[in-house]
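Hi,

Here is the structure I promised to pass on.

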Amino acid sequence: MKLFKFAFLLACVLLLHKPCNAEIYVIDAAKNSVMHNNLGMNYFNEGYYYGAIQEFKIAISLNPNTQASAGYFDNLGRTYLTIGYPVLAEDCFINAIKLNPMNLSYRQHLADTYRRMGKAVLNGKLEEYLKSKNPLDSVMVGLLYIEKGDTSAGIIKLDEFCITQSNLILAEGVKSYLKTITPKRHENL
């Protein structure tokens with residue numbers, strides 16, 4: 001009887017103890033944030049802005065402090081602009097610039113946001129950026145002049161930035177932008 005109990009116990013242990021071949025599933029927040037951002041873009045393109053906003057917020061919360069999340073903040077801000085909430089968009093673009101200060105489009109979106117917030121806000125922000133000691137803020141000054149309607153002053157300020165900060169990646173983006181807004185010069189001149 002003892003032998004039977006021992007054999008039974010041994011058989012139970014051997015049968016119940018299967019080697020565990022299960023893979024360990026690791027949640028990758030960066031990959032999930034990309035998925036949520038892409039879903040948000042799909043919603044945005046379909047005109048489902050509430051869903052887009054929620055997906056961008058999820059993407060940001062999963063991966064909050066990277067250059068990739070600068071794009072998520074930008075997408076969220078553009079969605080807010082689309083539905084007419086420039087005050088909410090402002091913080092999004094400011095966060096995008098903080099996370100990736102060398103991206104010109106984030107600054108362009110912020111300048112557009114200030115224009116949409118009204119003349120008083122646009123003029124106030126222009127004064128604020130004019131007082132700044134940060135050389136990158138001169139790009140915002142140029143863009144705000146352009147949004148204000150003073151294109152020549154904006155071009156001059158952006159040109160000055162390109163000359164004084166020619167080694168920055170942002171200067172390359174500004175040069176490309178200037179080519180799109182400046183009139184073509186005649187080759188014979």
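**Starting from L158**

L158 sits in helix α9 (helices are DSSP runs of H or I with at least four residues, strands are runs of E with at least two, and both are numbered from the N terminus). Before going on, a word on the basis: this is a predicted model, where local features need pLDDT of at least 70 and side-chain atom pairs count only at pLDDT 80 or more, while totals for chains, interfaces and linings use all residues. Residues are numbered from 1 along each chain as its sequence is written, and side-chain values use heavy atoms, with hydrogens and water left out.

Is L158 buried or exposed? L158 has a relative accessible area of 0%, so it counts as buried (buried is under 20% relative accessible area, exposed is over 50%, partly exposed is in between, with a 1.4 Å probe and protein chains only). Leaving aside neighbours within four places in sequence, L158 is in contact with V139, G142, L143, I146, V174, Y177 and L178 (contact means heavy atoms within 4.5 Å). Its C-alpha is 8.2 Å from that of V141, 17 residues away along the chain.

One of those partners, L143, lies in helix α8. L143 is buried too, because its relative accessible area is 3%. Beyond four places in sequence, L143 touches L104, R107, Q108, A111, L158 and Y177.

**The core around them**

In soluble globular proteins, nonpolar side chains tend to be buried together. Here the largest nonpolar core has 43 residues, and those with the most contacts inside it are V139, M140, L143, L144, L158 and V174 (such a core is a set of buried Ala, Val, Leu, Ile, Met, Phe, Trp, Tyr and Cys residues joined through side-chain atoms within 4.5 Å). Two or more residues each come from α3 (49–62), α4 (67–82), α5, α6, α7, α8, α9 (151–164) and α10 (169–181). The largest share, 7 residues, is from α8.

Of its 14 lining residues, I94, I97, R107, Y129 and D137 are the closest to the centre. The elements that give two or more residues to this lining are α5 (86–99), α6 (104–116), α7 (119–131) and α8 (137–148). By type, the lining divides into 8 nonpolar, 1 polar and 5 charged residues (Ala, Val, Leu, Ile, Met, Phe, Trp, Tyr, Cys and Pro count as nonpolar, Asp, Glu, Lys and Arg as charged, the others, Gly among them, as polar). On method, a pocket is an open set of points on a 1 Å grid over the protein atoms alone, where a 1.4 Å probe fits, with protein on both sides within 12 Å along at least five of seven lines; lining residues have an atom within 4 Å of a point.

**Y43 and the whole chain**

Y43 is in helix α2 (residues 29–46). With 23% relative accessibility, Y43 counts as partly exposed. Outside its four-place neighbourhood, Y43 is in contact with Y48, G51, A52 and E55.

Overall, the protein has 10 helices and 0 strands. Of its 189 residues, 36% count as buried. Residues 24 or more positions apart make up 48% of the contacts with a separation of 6 or more.
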